[in-house]
Amino acid sequence: MDKLNYIMSKSTTQYEKIKTEYVRSNYNVVEVGGATLGRKEELLDTFAKVLQFPSYFGRNWDALRDMLTDLSWLESRETAVLVKQYEPLQHDPAYRTLLDVLNEAAGYWKEHNLPFDVVLFKDS
């Protein structure tokens, strides 16, 4: 995978292909979508589980930002966040905050020349 470091939008028909490419490239792949996007606790728990956050993770937006701009406990820091079924919740405060946090993390890793990609899959 190229070092993209930005939020991009793709069709849901490309989801499996893109996910497979990230997995083959040994990225940490976080999948979120649907109603989960409107529930802060579920979002935070998903990231904590998939990215194996340390036990001191504070389960709030600032803590998520801190974790996503560290990742030192992982063997590989290359990360892709795949977001599906976001359209119905795109105005939800939790979803908007998540995008802000992901954008900051992508910018941080771009400065450090490491890939952190966020892919929004839109229904075609």
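How many helices and strands are there in the protein chain? I counted 4 helices and 4 strands. I note at the outset that the model is predicted.

**Entry: order of elements.** I followed the protein chain from the N terminus and wrote down its elements as β-α-β-α-α-β-α-β. I then looked up the radius of gyration, which is 13 Å; the globule rule gives 14 Å for 124 residues, so the chain is as compact as a globular protein of that length.

**Entry: extent and burial.** I took the span of the C-alpha trace along its principal axes and got about 40 × 30 × 25 Å. Next I checked burial: 45% of the 124 residues count as buried. For the surface I noted an accessible area of about 6700 Å², with 44% of it belonging to carbon and sulfur atoms.

**Entry: contacts along the chain.** I looked at contacts with a separation of 6 or more in the protein chain, and 67% of them are accounted for by residues 24 or more positions apart.

**Entry: charges.** I found 15 positive and 19 negative side chains in the protein chain. The centres of the two sets lie 3 Å apart.

**Entry: S76.** Where does S76 lie? I placed S76 in the loop between α3, residues 61–68, and β3, residues 79–84. Leaving out residues up to four places away in sequence, I found that S76 touches N26 and N28. For N26 I also noted a polar pair: its backbone oxygen lies 3.3 Å from a polar atom of the S76 side chain.

Notes: Residues numbered from 1 in each chain as written. Predicted model: local features only at pLDDT ≥ 70, side-chain atom pairs only at ≥ 80, totals over all residues. Heavy atoms only, no water. Helix = DSSP H or I, 4+ residues; strand = E, 2+ residues; numbered from the N terminus. Polar contact = N/O pair within 3.5 Å; in protein donor to acceptor, adjacent residues only side chain to side chain. Contact = heavy atoms within 4.5 Å. Rg over C-alpha atoms; globule rule 2.2 N^0.38 Å. Buried < 20%, exposed > 50% of the residue type's maximum accessible area, 1.4 Å probe, protein only. Areas by Shrake-Rupley, 256 points an atom, 1.4 Å probe, with all protein chains shown as cover. Lys, Arg positive; Asp, Glu negative; His and termini not counted. Charge placed at Lys NZ, Arg CZ, Asp CG, Glu CD.
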